[in-house]
Amino acid sequence: MRRLSDPGTADHAHESIGSSFHSPLSLGLGRVRADVAPSVRSFPIARHVAFYVAREGGIAVLRVLHPSVDVGDAFADGLSTEG
């Protein structure tokens, strides 16, 4: 899978995610994404979709994808939070 990196988009997504997930109560936000894995949820962030899992003390963002990206292809290498 080809990955595109745009620092401006990444910074905006980081800021949006921070404000969207500002409290532990918001960890259940988003749609369950059993097509990826039972523990994965997705949440719209501006013109992108963030995929995350709940972790002790917060969340781990797995991917932030444009809606045109095939989700199956994006997660073909697994659920690693390492990039």
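Four strands make up an open sheet here, in the order β1-β2-β3-β4 with antiparallel pairing (two strands pair if DSSP finds at least two bridges between them). β1 and β4 are at the edges with a single partner strand each, so one side of each has no neighbour in the sheet. Keep in mind that this is a predicted model: local features need pLDDT of at least 70, side-chain atom pairs count only at pLDDT 80 or more, and totals for chains, interfaces and linings use all residues. Residues are numbered from 1 along each chain as its sequence is written, and side-chain values use heavy atoms, with hydrogens and water left out.

**The chain as a whole**

- The protein chain has two helices and four strands, and read from the N terminus the elements go α-β-β-β-β-α. Helices (H or I, at least four residues) and strands (E, at least two) are DSSP runs, numbered from the N terminus.
- Of the 83 residues in the protein chain, 30% count as buried. Buried means under 20% relative accessible area, exposed means over 50%, and partly exposed is in between (1.4 Å probe, protein chains only).
- The protein chain has an accessible surface of about 5,600 Å², and carbon and sulfur atoms account for 54% of that. Areas come from the Shrake-Rupley method with a 1.4 Å probe; for residues, only the protein chains shown count as cover.
- Take the contacts in the protein chain between residues at least 6 apart in sequence: 29% of these join residues at least 24 apart. Contact means heavy atoms within 4.5 Å.

**Strand pairs and turns**

- β2 and β3 pair in the antiparallel sense over five bridges. Across this pairing, Ser42 stands opposite Phe51 in β3, and Arg41 stands opposite Tyr52 in β3.
- The β2 and β3 hairpin has two residues between the strands, and Ala46 has a positive phi near 55° there. That is a positive value in a residue other than glycine.
- Ala46, in the loop between β2 and β3, counts as exposed at 58% relative accessibility.
- β3 and β4 also pair in the antiparallel sense, over seven bridges, with Ala54 opposite Ile59 in β4.
- Two residues separate β3 and β4 in their hairpin, and Gly57 in the turn has a positive phi of about 85°.

**The nonpolar core**

- The largest nonpolar core has eleven residues: Val36, Ala37, Val40, Phe51, Val53, Ala60, Leu62, Leu65, Val71, Ala74 and Phe75. A nonpolar core is a set of buried Ala, Val, Leu, Ile, Met, Phe, Trp, Tyr and Cys residues joined through side-chain atoms within 4.5 Å.
- β3, β4 (58-65) and α2 are the elements that give two or more residues to this core. β4 gives the most, with three residues.
- Ala74, one of the core residues, sits in helix α2 and is buried, with a relative accessible area of 0%.
- Ala74 and Val64 are ten residues apart in sequence, and their C-alpha atoms are 9.8 Å apart in space.

**The aromatic pair**

- Searching the whole structure turns up one aromatic pair. The ring centres of Phe51 and Phe75 are 5.3 Å apart and the planes are at 65°, so the pair is edge-to-face. Rings of Phe, Tyr and Trp (its six-membered ring) pair if their centres lie within 6.5 Å; planes under 30 degrees apart count as stacked, over 60 as edge-to-face and the rest as tilted.
- The pair links distant parts of the chain, with Phe51 in strand β3 (residues 48-55) and Phe75 in the segment after α2 (71-74), 24 residues apart. Both Phe51 and Phe75 are buried.
- Arg63 lies over the face of Phe75, at 4.7 Å from the ring centre. A charge sits over a ring if NZ of Lys or CZ of Arg is within 6 Å of the ring centre and within 35 degrees of the ring normal.

**A buried arginine**

- Arg33 is in the loop between β1 (31-32) and β2 (41-45). Arg33 is buried, with a relative accessible area of 8%.
- Leaving out residues up to four places away in sequence, Arg33 touches Val40, Arg41, Ser42, Phe51 and Val71.
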